[in-house]
Amino acid sequence: MYFPDTTFRARTSSTMARTALPIATGVVVAAVASALLNRWLAQKAERRNPPIGRFITVKGVRLHYVERGTGTPLVLLHGNGSMIEDFQSSGLLDLAAKKYRVIAFDRPGFGHSDRPRSSVWSPDAQADLIAAALKQMGVPRAIVLGHSWGTLVAVALALKYPQEVQAMILASGYYYPNARADVFILSPPAIPLIGDVLSHTVAPLLSRLMWPFLLRKIFGPSPVPKKFQGFPEEMAVRPSQIRASAAESALMIPSARALRDEYGQLQMPVAIVAGADDRFIESEQSAHLHRDIPHSTLRCVPGTGHMVHQTATGEIMTAIDMVAAQNRRPEVVTSAA
């Protein structure tokens, strides 16, 4: 007996299978090719941008850091997706080294520092690592400066190890949880398995295409300064760093939620600096923090965006000097507490 519908379905399925196979093969070939290309580009970037500092192994993690100058220790913690060269290109590292013993770290997964996947690198985990590194280096109580995501690490460090942090400068920070579209857009490369595929194939290529837009976003309304050309873009779009950045994007909201009720416990001098026209993290975040830390100071720099340490480097240096002077007068801290 003849069954036309069954025959038609069988022929259709066979045709679809023959069509799907080359498409799937093409996707796999393209993915492998892009992964190999991105690996080659990453290796090339690392050859062109060798470490500019030294290494220390702490708790099994190899950290890259730069140390310059003498005097009171000043620790610099960069933001998400960044590295030591951000502070170097801004001029802040060299400027501060004229007065302080400056120690700038590549945080885990950024620059030339490792980021073992056996740990969730929350602000608390990174604070533990930085505290252990400073102890191993013989660094006494330090002034700590954090920019953007680095402010979460700085705050966690001050809360967990208050005896090790004599003062803080928090620049362009994110302190209170709110809805953020960029978190959902940037987090997928951190998803297990799927994220590995994304971070080794399409994500680095898309990141290169989006780089000019990102710079306009984080620097605006200020233009990107010429000195930022010293920042190695090619290092920032490596698969490993993209995955680290995605993980920090995913941790951004829960980290702020975990810390928000503890800000009032901070008793050391705190200087808060923000770009009044920040297009990435609204300056109200900094104003809110200032209200929660009554003894803190707040400076919102007019006409400046998220990269306030790049476009208003002098303001950051002023904030550093101010908290250093406050720390030399114990009565100021006591009365504020």
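Visitor: What volume does the second largest pocket have?
Guide: Welcome! This is a predicted model, where local features need pLDDT of at least 70 and side-chain atom pairs count only at pLDDT 80 or more, while totals for chains, interfaces and linings use all residues. Residues are numbered from 1 along each chain as its sequence is written, and side-chain values use heavy atoms, without hydrogens or water. A pocket is an open set of points on a 1 Å grid over the protein atoms alone, with protein on both sides within 12 Å along at least five of seven lines. Taking volume as the space filled by probe spheres set on points joined across faces, edges and corners, the second largest pocket has about 590 Å³.

Visitor: Which residues lie closest to the centre of the second largest pocket?
Guide: Lining residues have an atom within 4 Å of a point, and this pocket has 28 of them. Those closest to its centre are Arg-115, Arg-117, Ser-240, Arg-243 and Ala-244.

Visitor: Which helices each supply at least two residues of that lining?
Guide: Helices are DSSP runs (H or I, at least four residues), numbered from the N terminus. For the second largest pocket, the helices with at least two lining residues each are α1, α7 (194-200) and α10.

Visitor: And how much space lies in the largest pocket?
Guide: The lining of the largest pocket has 44 residues, and Leu-186, Leu-214, Ser-245, Ser-249 and Phe-280 lie nearest the centre. The space in this largest pocket comes to about 1,200 Å³.

Visitor: Which helix gives the most to the lining of the largest pocket?
Guide: Several helices each supply at least two residues here: α5 (149-160), α6 (181-186), α8 and α10 (239-259). With eleven residues, the one giving the most is α8.

Visitor: How many cavities of 30 Å³ or more are there?
Guide: A cavity is a set of grid points where a 1.4 Å probe fits but cannot get out. With the threshold at 30 Å³ or more, the count is one.

Visitor: How much space lies in the largest cavity?
Guide: Its lining is made up of Asn-38, Leu-41, Ala-42, Pro-204, Arg-208, Glu-234, Val-237, Arg-238 and Pro-239. The space in the largest cavity is about 40 Å³.

Visitor: Which helix gives the most to the lining of the largest cavity?
Guide: Two helices, α1 (4-48) and α8 (202-219), each supply at least two of the lining residues. The top contribution is three residues, and the helix giving it is α1.
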